[in-house]
Amino acid sequence: MTSPLVSIRGLEKRFDLSGSLLEQITFKGGRLRRRQEAVHAINGVDLDVQKGEALCVVGESGCGKSTVARTVMGLLSPSAGEIHFGGQRIDNLEGKAALPYRRRMQMIFQNPYASLNPRMTIQQTLEEPIRFHHPDWSATQVRDKIHEVMHSVGIDLDWGSRFGHEFSGGQRQRIAIARALVVDPEFIVADEPISALDVSIQAQVLNLLMDAQESRGLTYLFITHDLAVVEHFGTRVAVMYLGRVCELADTKTLFARPRHPYTQALLSAIPKLEDDRPNHIRLNGEVPTPVNLPSGCVFHGRCPYANERCRREVPAMIATDSGTQVACHAVEEGRL
Amino acid sequence: MALLEVKDLDVRFAVRGGDLTALRGISFSLDSGERLGLVGESGAGKSVAAFSILNLIARPGYIAGGQILYRGRDLASMSERELRKIRGNRIAMIFQDPMMTLNPVLTIGTQMVEAIEAHRKTGKKEARAIALDRLQKVQIPSPGKRLDQYPHELSGGMRQRVIIAIALLLEPEIIIADEPTTALDVTIQAEIMDLLLNLCEQENVALMLITHDLGVVSQVTQRMLVMYSGRIIEQGPTREIINDAQHPYTQGLINALPQMGEPGQRLFQIPGSMPSLKNVPTGCPFHPRCNFATEQCTRRMPEYVRSGNVDVACYEVANLIEQEKRMQEAES
């Protein structure tokens, strides 16, 4: 196997909740105490994104999938761990040194109503990244590039003089995709790009993303909570729960034979068109808070197969015979 | 007689420069204990339809015509005073965002007792007992404790359970649920849907479920309506529509689902997007996006035709049925 385009190693991200030093200090029982609290958004994630694939990261709200996307893009700095792009470590680069990598990776956000600058025309929105990354380009070069991209994502050229608010959600998302494509990136991080859109528009945008992948040889890191989209779009899938990857597999393998109990529950919960009396796997309780992580396997409190070891020991990723990588003691011990 | 019957309902919004028609000639009925799904994309008018049943549409919206018959009495022309006896009591409503519907400064118990006292003459103690019973029915963990908690202390899934418990307080005959699980995660959504389904069956409550999710509709409802641009374009038994949709829009909606496509292949897509109320196309509102549109479609809104047990408003379908009939006649 060739070396991955993007590789994430031991990634951790904590968000501090306790504020300044003075706010952390409390006086209790005649003593000063310092209390620190943090949201443990990502707790040790290892992922490789191969060139040309669409790696989907799925999970429910609060599992850390968006934080992974933002950390990879450099919008957040990791608390620990490394991010490599094309063999080069990029999470510690600053300023000018990071610039070439910023051009090679672009992001598409969830809400096209918030991600377009309301004071810029579409023309300006699309020009900005080019002028930033290619200051030496002539006006004609810039215009030709924008026209080429507008054409390829199905935007009318005369939209250029209009503003973002004049467009519908699907059209705005097209513009956001065009903005990501104008600098010819190799790698696109898409954070729930179709979740805010209607069903018929979702299909349009999904098709557009697939066309762009084919014609430009793009690599995607695709964040979503919608498993039906993953099954259609993803090359491989990583399932996240409470800041950890619990299962990683080829899309086909994952949907045919999910191994982790959480993945199984997640898949059984998708409302399907075929069956009118679904049999959901019921999980106990709800996702615990990422402030105080459970000991051992983060899923043990809701897992029907949890035993003593699961409460104690964090499961490591193991490879199974089907090619799936899964972090579960029950699978490892052959109980599942 | 149907429990609820909506006849030729028109809802308009009075804005500067004339009225916008949000609903045009909506007719449907709901039987006792039946589960009905209302499907459509944003802007189709499904929430307006749900809100107008209990006359909850705020100005500048108003009901411009038609009847909403609940047990033969017209809710559209009823006084606010009379309507209040039915709203929340005989017909309850569940909204999309549980945080918006619960009062953040009152405990769950207070809010539930308040709802009971508004409709029944009961003591505080008795009302609290009813509240506790409903919380048990929605299988909320440690229900007694929840009565004294505030909404912000509960998770999204639990809040929606509380909302369902409140809807059930006065043993309604109809629950109107407007996207009840859209704000929730898949696993929680599945649990809440199961719960709603089981409770409606147990208590024989009729459910009107508004959603954009065809998967949910197909699992929960017996009949469904598909709305587009303020009109019902197709209605009939859910299974029949899901398996063999007649209207080109419904077909497109189903085929555009990622699960209908071959993995990795392009999805079926309906070109364009839903028209805004300001410029609804003449004739069939779907014709600019429709592959089968003819000159006829641009002129007049098609009448409903019956195909199997499904009512469809489409000239193409009408023509096909006509052709089939002629062929059968020719054969015999």
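User: What percentage of contacts in chain A between residues at least 6 apart in sequence join residues at least 24 apart?
Analyst: The model is predicted. Chain A has 13 helices and 14 strands. Take its contacts between residues at least 6 apart in sequence; the share that joins residues at least 24 apart is 66%.

User: What radius of gyration does chain A have, and what would a compact globule have with 336 residues?
Analyst: The C-alpha atoms of chain A fill a box of roughly 65 × 60 × 40 Å along the principal axes. Of its 336 residues, 44% count as buried. A compact globule with 336 residues would be near 20 Å, which agrees with the value for chain A, 22 Å.

User: How are H5(A) and H7(A) oriented to each other, roughly parallel or roughly antiparallel?
Analyst: Helix H5 of chain A covers residues 122-133, and helix H7 of chain A covers residues 169-181. Their axes come within 8 Å and cross at roughly 25°. Angles under 35 degrees count as roughly parallel. H5(A) and H7(A) are therefore roughly parallel.

User: Is the crossing of H5(A) and H7(A) left-handed or right-handed, and which residues of H7(A) make the contact?
Analyst: H5(A) passes H7(A) in a right-handed crossing. H5(A) brings Ile122(A), Thr125(A), Leu126(A) and Pro129(A) to the contact. By class, the contact has five nonpolar, one polar and one charged residues. On the H7(A) side, the residues are Ile175(A), Ala178(A) and Arg179(A).

User: Which helix gives the most to the side of chain A that touches chain B?
Analyst: The contact takes 32 residues from chain A and 33 residues from chain B. On chain A, helix H8 (199-216), helix H9 (227-233) and helix H11 (261-268) each supply at least two residues. With eight residues, the helix that gives the most is H8(A).

User: How many nonpolar, polar and charged residues are on the side of chain A that touches chain B?
Analyst: This side holds the 32 residues that chain A puts into the contact. By class, they come to 15 nonpolar, ten polar and seven charged residues.

User: Why is chain B as compact as a globular protein of 332 residues?
Analyst: Chain B has 13 helices and twelve strands. Its C-alpha atoms fill a box of roughly 75 × 50 × 45 Å along the principal axes. The globule rule gives 20 Å for 332 residues, and chain B is as compact as a globular protein of that length because its radius of gyration is close to this, at 22 Å.

User: What percentage of the 332 residues of chain B count as buried?
Analyst: Take the contacts in chain B with a separation of 6 or more: residues 24 or more positions apart account for 62%. Of the 332 residues, the buried share is 47%.

User: At what angle do helix H7 and helix H8 of chain B pack?
Analyst: H7(B) spans residues 156-168 and H8(B) spans residues 186-203, with their axes 10 Å apart. The two are roughly parallel, and the crossing is right-handed. Among the residues that meet are Ile164(B) and Leu168(B) in H7(B), and Leu195(B) and Leu199(B) in H8(B). The angle is about 15°.

User: Is Ser77(B) buried or exposed?
Analyst: Ser77(B) lies in the loop between strand S5 (73-74) and helix H2 (80-86) of chain B. Ser77(B) has 12, so the residue is exposed.

User: How far apart in space are Ser77(B) and Asn55(B), C-alpha to C-alpha?
Analyst: In sequence, Ser77(B) and Asn55(B) are 22 residues apart. In space, the C-alpha to C-alpha distance is 9.5 Å.

Definitions and conventions
Residues numbered from 1 in each chain as written. Chains lettered and ligands numbered in written order. Predicted model: local features only at pLDDT ≥ 70, side-chain atom pairs only at ≥ 80, totals over all residues. Contact = placed C-beta atoms within 7 Å. Helix = DSSP H or I, 4+ residues; strand = E, 2+ residues; numbered from the N terminus. Nonpolar A, V, L, I, M, F, W, Y, C, P; charged D, E, K, R; others polar. Rg over C-alpha atoms; globule rule 2.2 N^0.38 Å. Buried ≥ 20, exposed ≤ 12 C-beta atoms within 10 Å, placed from the backbone. Axes fitted to C-alpha atoms, helices over the stretch in contact; angles between N-to-C directions. Parallel < 35°, antiparallel > 145°, perpendicular 65-115°, else oblique. Left-handed = near helix turned anticlockwise from the far one by under 90°.
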